[in-house]
Amino acid sequence: MMADSTQPASFAFDTESNAKIPTILAKYPPGKQASAVLPLLDLAQRQMGRTTGSAWVPRVAMDEVARVLGMAPIRVYEVATFYLMFNTEPVGKYHLQLCTTTPCWLRGSDDVVQACRKVTGIKGWKETSADGLFTMSEVECVGACVNAPILQVNDDFYEDMDAASTEKLLEALKRGEVPPPGSVKGRQTSAPEGGPITLTTLTFNPAE
Ligand code: FES
């Protein structure tokens, strides 16, 4: 597993991450600190993103999580490789996570995929663009089908996407701009286009 030259020789939680560890561990009963494996892997991945520009979890970071939690490293490897949210290989600055599950597919996710390929030059899944900016991953339903199709960029959801809005978004990211996430059609959360059409006269009276 992961025996390649991209693996760094060492990893240590930095000051910013270390400041968060006691708060994370305090959420679990004494002796059950292994339950913190998910948030600590997430902490390691975010530190890598913050310090190297690539949010991933190298094996030495998994080893450090194991050491902090008093777990066998293999148990941390099992968790890190099971969940899609943890990247076990380097990713670009912008991790494009394309939902192609049925609702998004019916609403045009194929067009979003093609637009991503066109702008980034990426041919296949899990590949990173030559400029190091983008990695494309295919993901299952991300739970926002109501505004399908969804393109997740790092932590942000861009919704109601099509080919044109995808190209526009990626070109903005290339320029160093980060457009606001949400519906690119300007929908209010998941309300119909043009605004809500129900409960429009309802007023909330806490005294009633
Ligand atoms: S199918 Fe894409 S968000 Fe649910």
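Taken over C-alpha atoms, the centres of domain 1 and domain 2 are 28 Å apart. The domain assignment places domain 1 at 15-82 and domain 2 at 94-179, with bounds that come from an automatic or database domain assignment. This is a predicted model, so to speak of local features a pLDDT of at least 70 is needed, side-chain atom pairs count only at pLDDT 80 or more, and totals for chains, interfaces and linings use all residues. Residues are numbered from 1 along each chain as its sequence is written, and side-chain values use heavy atoms, with hydrogens and water left out.

As for the overall build, the C-alpha atoms fill a box of roughly 55 × 55 × 30 Å along the principal axes. The protein has eight helices and five strands, and reading along the sequence gives α-α-α-α-α-β-α-α-β-β-β-α-β. These elements are DSSP runs numbered from the N terminus, helices being H or I with at least four residues and strands E with at least two. Of the 208 residues, 40% are buried, where buried means under 20% relative accessible area, exposed over 50%, and partly exposed in between (1.4 Å probe, protein chains only). Among contacts with a separation of 6 or more, 63% come from residues 24 or more positions apart; a contact here means heavy atoms within 4.5 Å.

Strand 1 (residues 94-99) runs parallel to strand 2, and six bridges join them. Histidine 95 stands opposite threonine 135 of strand 2. On the strand 3 (residues 151-153) side, strand 1 is held by three bridges and the two run antiparallel, with leucine 98 partnered by leucine 151.

Strand 4 (residues 156-159) contains phenylalanine 157, which counts as partly exposed at 24% relative accessibility. Beyond its neighbours within four places in sequence, phenylalanine 157 touches Val142, Ala144, Ile150, Leu151, Gln152, Pro181 and Gly182. Valine 142 is 15 residues away from phenylalanine 157 in sequence, and the two are 9.1 Å apart in space, C-alpha to C-alpha.

Over in helix 5 (residues 73-82), the buried residues are Val76, Tyr77, Val79 and Ala80. Seen down the helix axis, they fall within an arc of 165°, so they line one face of helix 5; the arc is that of the directions from the helix axis to the C-beta atoms. Helix 3 (37-52) and helix 4 (59-69) are included in what covers these buried residues.

Finally, the rings. Rings of Phe, Tyr and Trp (its six-membered ring) pair if their centres lie within 6.5 Å, with planes under 30 degrees apart counted as stacked, over 60 as edge-to-face and the rest as tilted. By this rule there are three aromatic pairs. One of them joins phenylalanine 11 and phenylalanine 13, whose ring centres are 5.3 Å apart with planes at 85°, so the pair is edge-to-face. Phenylalanine 11 is buried at a relative accessible area of 13%, and phenylalanine 13 is also buried, at 8%. Elsewhere, the charged end of arginine 117 sits over the ring of tryptophan 125, 5.4 Å from its centre (the cut-offs are NZ of Lys or CZ of Arg within 6 Å of the ring centre and within 35 degrees of the ring normal).

Notes. Two strands pair if DSSP finds at least two bridges between them.
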